[in-house]
Amino acid sequence: MPDNCEVHRGALLHFLDDPGNDPEPIPGSVEFLEDGLLVVHDGKVLLTGPAEEWLPRLPDGVPVSHWQDGLIVPGFIDTHVHMPQLGVMASYGAQLLDWLETYTFPHEARFSDGDWAQAEAQRFTDLLLSHGTTSGLVFCTSHPESVQALFEAAEQRGMGLTAGKVMMDRHAPDDLTDTAQGSYDDSLSLLKTWHNRGRQRYAITPRFAATSSPEQLSLAGRLAGEYPDVLVQTHWAENTGEIQWIRELFPERASYLDVYDHYGLLGDHTVLAHGIHIDDADRALLAQRGSRIAFCPTSNTFLGSGLFDFREARAAGVMVGLASDVGGGTSLSMLATMAEAYKVCRLRGQTLTPWQAFYLATLGNARVLHQAQHTGNFEAGRYADFVVLDQAGSPQLAMKRPYTRSPFEALFNLMMLGDDRAIQATAVAGQVHHQRSDKAPALSSHQSTQYAQGA
């Protein structure tokens, strides 16, 4: 083992595969260590294992951070979030289309100012980390400056973000619209600059079919064909008014989903946000194309858009991720997002176990975004992105903890009652970027003889 390792000790949980959605996870899908070690070398996971087994094998002098009351899990991943919409979170009283016109578009127009874009990108990435989110799929605005600012901020923090410039050439204010060719050229330039630069990746980003002309959608599909490893992100079937509008704008297409398919925007690198008002034919086409849905429960309930059918999507073989969708969503916390997803499922007569919820927020979302070879769990060689969860991080959590009898119950407490107060620390590539000052770990330099004596 190399001498220049860093070691984190505490209760440790991660997923090796989809655990299913029953109270008993599929055997072999979950690894839980009541007293485990996460050994990091050069920003990546070297190994995980029981502390009793691995502490005696550590080289003398290796620093050990002992998170004595913490639960160490992989960093959370958000499959759909808007960097420029922090300022419109929790804005009162509008459904989707009115909400865009009243709140979102005026706020996004400010991102033509490079200084504003940089300040907001810094704030956004810091807030992600304070909520335990270490990577994600992000919408910027139609201004290239917004994308540049976000990637620069993520790079400074070692985060791995996938993001793109919004393509929007109609049905939006003049200070937000681009042109079909201009959006292609800007997207291509940003892609060539940032895609696979370190941990950053580009995403082709038509806002949704209504705000892109047929020519722009065609050019977006052309770009996707030219760069098949680049993700495509857009919105789909969120609101009944939106769906009717798409019928009027594209009467020649069989369905909303057929619009995207016709223009070459469906494939296994496509992530469609929402997908609420859909049918079996839609699900079958998604499964055939390999396209994914980002389930956005907090925005869907806040905007009154509807209740996503999680069970039917999974039964049809559609890959589903979990997303905050800030600013339609009301929290950057993936814990709060899990709680709202549970409630949506219950209103559908379904359920969402904590195993499945935490899987979605970590390895499941990594798979949705084609980054599971780099993040999502603690298998050797992955980036050491992790969150230390404080199981007594709020008065409610502290109240529940004495009655917690199992990891299942501990996770359920965290997902239903947790928020940013439950985030004890967040690390990206082994470096702690956020830490509560009142919850520092116990630090020591390992001495093998000391451990052998039971210290």
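**Exercise 1.** Determine how the axes of H12 and H15 are placed relative to each other, and which residues of the two helices meet.

*Solution.* Begin with the axes, which are lines fitted to C-alpha atoms, for helices over the stretch in contact, with angles running from 0 to 180 degrees between N-to-C directions. In this predicted model, in which local features need pLDDT of at least 70 and side-chain atom pairs count only at pLDDT 80 or more, while totals for chains, interfaces and linings use all residues, the axes of H12 and H15 come within 6 Å and cross at roughly 95°. H12 is therefore roughly perpendicular to H15, given that angles under 35 degrees count as roughly parallel, over 145 as roughly antiparallel, 65 to 115 as roughly perpendicular and the rest as oblique. The helix names follow DSSP runs, numbered from the N terminus, where helices (H or I) have at least four residues and strands (E) at least two. Residues are numbered from 1 along each chain as its sequence is written, and side-chain values use heavy atoms, with hydrogens and water left out.

Next, look for contacts, meaning heavy atoms within 4.5 Å. On the H12 side these involve Leu335, Met338, Ala339, Tyr342 and Lys343, which meet Phe412, Leu414, Met415 and Met416 in H15. Sorted by class, this contact of H12 with H15 has eight nonpolar residues, no polar ones and one charged, where Ala, Val, Leu, Ile, Met, Phe, Trp, Tyr, Cys and Pro count as nonpolar, Asp, Glu, Lys and Arg as charged, and the others, Gly among them, as polar.

**Exercise 2.** Find the angle at which H12 packs against H13, and list the residues that make the contact.

*Solution.* Helix H12 covers residues 334-347 and helix H13 covers residues 354-368, and the two pack at an angle of about 125° with their axes 9 Å apart. That angle makes H12 oblique to H13. The contact is made by Met334, Leu335 and Met338 of H12, together with Ala357, Phe358, Ala361 and Asn365 of H13. By class, the residues of this contact of H12 with H13 are six nonpolar, one polar and no charged.

**Exercise 3.** Carry out the analysis for H5 and H6, stating the angle between them and the residues in contact.

*Solution.* Helix H5 (residues 180-194) packs with helix H6 (residues 214-226) at an angle of about 25°, and their axes are 8 Å apart. H5 is therefore roughly parallel to H6. From H5, the contact involves Ala180, Gln181, Ser183, Tyr184, Ser187 and Leu188, and from H6 it involves Glu215, Gln216, Leu219, Arg222, Leu223 and Glu226. The contact of H5 with H6 divides into five nonpolar, four polar and three charged residues.

**Exercise 4.** Locate Phe408 and decide whether Phe408 is buried, partly exposed or exposed.

*Solution.* Phe408 lies in helix H15, which spans residues 407-417. Its relative accessible area is 25%, so Phe408 is partly exposed, since buried means under 20% relative accessible area, exposed over 50%, and partly exposed in between (1.4 Å probe, protein chains only). Leaving out residues up to four places away in sequence, Phe408 touches Pro23, Thr353, Pro354 and Trp355.

**Exercise 5.** Describe the backbone at Gly327, His370 and Ala429.

*Solution.* Most residues other than glycine have a negative phi, and most peptide bonds are trans. Val326 and Gly327 are joined by a cis peptide bond, with omega about 5°, and Gly327 is found in the loop between strand E13 (320-322) and H12. His370, in the loop between H13 and strand E14 (386-390), has a positive phi near 60°. Ala429 has a positive phi of about 50° although it is not a glycine, and its place is in the loop between strand E15 (423-428) and strand E16 (431-435). Whereas His370 is partly exposed at 23%, Ala429 is buried at 18%.
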